[in-house]
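Please read it alongside the sequence and structure shown here.

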Amino acid sequence: MIRENYFSRVVVDRSQWMAQLLSSRPDIKEFRERVLPVDRAIEFGRLYLPDDRLLDQNNLLSLISQHLRTLGLVESQSSLHGEWDGPFVIPASFNRSQLTFLVQRGIQHAERFWNLTMPGTMPDDPNQKQLLEEISRVIGGAPIMIDDVIPLNTEKPEDSNNLTIDEEGRLTHATLNQLIWICTTNSKYKSDDLITAVCLTYSSFTKATVMFSKLRERYRLAMNECDPETRREQVKLTLNFLTTWMNQSGKQMDRVVLSAIRSFLENEVPKQFSAELLKMNESNEIVDTVDDTKAPKVELDPHHMPWTSDFVLTSLPPVEFARQLTIWTSKYFFNIKRSEFLDGSWEDIRLMHRSPNIVKLNQKMDEFSQWIQYTLISISDLNERAACMTYFIKVAKKLYKIQNYFNCLWILSAFQSNSIFKLKSTFKMIDRRKSAFLTTANHNIFTFDNVNTCIQFCDDALKSEKPVIPVLPFYLGKLTSFMKGHTNMIVVKDKINITMSMKIFKEIQGIEAFQKRKYCFYPIDQAQELIENCYSPESQEELEAHSRELEASSNIK
């Protein structure tokens, strides 16, 4: 009776109702994404998943399983394995969540992905605040950006209301519109350095979408000029600026922006002007090769060859150890991109994914320093420990000689650590000439009280026209001091701090000068693997405690 009175006998396919509703009512779709985490995650995936690539289900489940394992959620991992009885490929060597790593890499060049993380229904909800802080810590936050929606033609070039000039007539602050006008006209404030600085640091004060929109608007205004000569000149200046921008930052842009630029070039710009830019848009990587034929002969100890089971890093002669360490460091130092130097991202846990090479070098510096400490403290015999300390001093001296001051600093920092510095009995057995080298090297490249002296020492080494790896932490520290709390100082009352941008640009240029000449040594695969994986199994506190025991036993003897 109830079925006959209240249920229809008409069979209706309802499987597509939800899809049809969301397609016809975007406001409902947006509301669902705002309040439903799953819907928001689905939209997030649609935005950032490449159209031509889908992850295999077994690989995806393996990533989730490995992520649960790194978080210590063993029961959740077991439940996953119980529900999905499939091949889980989880290398035991991975001690970091690869799922988090892939998410970081997937969005590191995205524009304002925070638009997808909408606030909860209760603004003051402490749980929601903690969640957002955790997401920010893991994935990274976006700097404060300028959303310049003011049309370009509403501001006249060099409008005094939108510029700030110092007493010496130098440009110090300008709106984004004024920057575009200055860089695409024959303005008295225009310079090659200013254009390069703007193209390099633009991501600290605006989005790539806004920057491209302004340039496209500027090109259209130039095309509307009545005078043919003026039109030709302004179009050329605008495209020259676009070329510089693509050359400086094209490889760090999101695919959506690159696609928009390509469409603009193909549909609006004449082919004789757009051909070069279209090639640049394809992001063809230039491979910088080194002539291996000029590399010196590899030096090995015949009693401890790399393929033998007893081979360790200290089996290498000091000169070869220095070369192998230089090769390992070169892989990262010479691959540092300009964008890695922006926003102090290498020291902010939220932004570290933007500076992978710098972060890797900083991490290895700490690991290598502790490994040297552990290696020395693990030797109980005083004479053997003194011999090992002498060996590391020889390695540092070789690094100093080939002007690899960064790796030399790694060894010096180990010797200055509390655990090694307290080994007075061991230091007494070191040859005076070796001790004299430590004094000289510490003065030149490890003087925190006078960082400028160390920087000047590295800068002077460039005059030798030979490869140099500088003391990178000092240069990064100087760069950070200019930025004063990341990007907030670059934007002041909706005006871009030109002075700050130029200072950042000059500092980055100074570091890049060291990347022009590369070392030429043959890598030893076994040595490279050992350097990659060297670390101390003891904490710094344990090393210091062990050091005190060693020194006490040496004094008793």
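## Overall make-up

The model is predicted. The protein contains 26 helices and four strands. Of its 557 residues, 44% are buried.

The accessible surface amounts to about 31,300 Å², and carbon and sulfur atoms account for 53% of that area. When contacts between residues at least 6 apart in sequence are taken, 73% of them link residues at least 24 apart.

## Surface patches

Lys394 belongs to helix H17, which covers residues 382–401.

A nonpolar surface patch is made of Phe31, Val35 and Leu36. Together these residues have about 260 Å² of accessible area. Leu36 sits in the loop that joins helix H3 (26–35) to helix H4 (37–48). With a relative accessibility of 32%, Leu36 is therefore classed as partly exposed.

## Pro317 and its contacts

Pro317 is found in the loop between helix H14 (271–281) and helix H15 (318–333). Once neighbours within four places in sequence are set aside, the residues in contact with Pro317 are Glu299, Leu300, Asp301 and Tyr391.

For one of these contacts, Asp301, a C-alpha separation can be given. Asp301 and Pro317 are 16 residues apart in sequence, and their C-alpha atoms are 6.6 Å apart in space.

## Residues with positive phi

Glu158 is not a glycine, yet its phi is positive, at about 60°. Glu158 lies in the loop between helix H8 (126–139) and strand E1 (163–165). Its relative accessible area is 33%, so Glu158 is partly exposed.

Gln403 is also not a glycine and has a positive phi, of about 65°. The loop that holds Gln403 runs between H17 and helix H18 (405–416). Is Gln403 buried or exposed? Gln403 is buried because its relative accessibility is 11%, and the buried class is under 20%.

Definitions and conventions:
Residues numbered from 1 in each chain as written. Predicted model: local features only at pLDDT ≥ 70, side-chain atom pairs only at ≥ 80, totals over all residues. Heavy atoms only, no water. Helix = DSSP H or I, 4+ residues; strand = E, 2+ residues; numbered from the N terminus. Contact = heavy atoms within 4.5 Å. Buried < 20%, exposed > 50% of the residue type's maximum accessible area, 1.4 Å probe, protein only. Areas by Shrake-Rupley, 256 points an atom, 1.4 Å probe, with all protein chains shown as cover. Patch = residues over 30% accessible without salt bridge, like charges linked within 9 Å, V, L, I, M, F, W, Y side chains within 5 Å. Salt bridge = Lys/Arg side-chain N within 4 Å of Asp/Glu carboxyl O.
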